[in-house]
Amino acid sequence: MGDAIMRAMVRGAPAHLRPGGLAVMLGNWERGGDRTPPTAWLDGGAVETGAGGAAGNPGVTRQTAATPQTAATTASAMVIERQRMRPAEYARTWIRDGGVPRASARWHADVDRWLRDFEDRGVDEVGFGWILLRRAEEQARSGEQAGFGETTGADARTAPGAPVRDLASIESGPGSNPAGLATFLETRLGLLEWLVQASDAELAATAYQLAADVTEHRHLRPGADDPTMITIEQGGGLAQTFQADPALAGFLGVCDGTLTLAQISAALAHLLGAEEDALTRQLVDQVRTLVPAAIIVPAGD
């Protein structure tokens, strides 16, 4: 009932992947009440916590002592919710697509049944989007065949680092992706997997490269010297737009892969009259938001 089939597919897919294998799905899921998001479906008994940093930073699932290590619990999950629909809109869409004549007796009866079911089960909305799952790069135990099946108990060898649990609502795009949207989505998941294991100190010590499809827009009142708003806009990926402050705009302007974040922050702090450590923390938080969108990426990747 409801999104049970989708839940079963998400929970079961990692066991059918080889270590490092990727599963990609289009799907929808119910929202409302105490329902958990698709990113939590893999984790029976796990506790989902934020990893700190800016909004959009991936969450880290930390296993409890009672949680067995399985292909599902150690897999990474990235969910991009592109749209939400109210129950009435969702029901009418699928009844129409099923070929039922609009405003017919059957149409009204089917709509009523769908809406009663949603109401009885406390469904407020239905989300749509992409789900990407990557099985951890663990070595299968000797009893497994060709990397398939579950790994539990003392024989399990867990993957390094914590699995990604990232749920993002992104209604923009897609943008122009010459290599294909699938390539961008896989890249996004890889960047999230890097971020979830990277400390703030590591991010500060990293040099970044600005993507070639990024443009900056400054909005000024006529005759003004300082902009009232700065936006960073992406042509590829999911064509996202981010608001920026002068420090972030200055940072992105020199991200050519030669200087680390810390080095750029030191120079910007001097120019802007800002406290260097505070500015570095701010930029690290902003990097955690911009890297998954591929606005900037670690130099050399």
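User: What makes two aromatic rings a pair here?

Analyst: Rings of Phe, Tyr and Trp (its six-membered ring) pair if their centres lie within 6.5 Å; planes under 30 degrees apart are stacked, those over 60 edge-to-face, and the rest tilted. By this rule there are six aromatic pairs. Tyr90, Trp94, Trp114, Phe118 and Phe128 form one aromatic cluster. This is a predicted model, in which local features need pLDDT of at least 70, side-chain atom pairs count only at pLDDT 80 or more, and totals for chains, interfaces and linings use all residues. Residues are numbered from 1 along each chain as its sequence is written, and side-chain values use heavy atoms, leaving out hydrogens and water.

User: Why is the pair of Tyr90 and Phe118 called edge-to-face?

Analyst: The ring centres of Tyr90 and Phe118 are 5.9 Å apart and the planes stand at 70 degrees, so the pair is edge-to-face.

User: How do you know that Tyr90 and Phe118 are buried or exposed?

Analyst: Buried means under 20% relative accessible area, exposed over 50%, and partly exposed in between (1.4 Å probe, protein chains only). Tyr90 has 11%, so Tyr90 is buried; Phe118, at 5%, is buried as well.

User: Why is the pair of Tyr90 and Phe128 called tilted?

Analyst: The centres of these rings, Tyr90 and Phe128, lie 5.8 Å apart with planes at 50 degrees, so the pair is tilted. Phe128 has 16% relative accessibility and therefore counts as buried.
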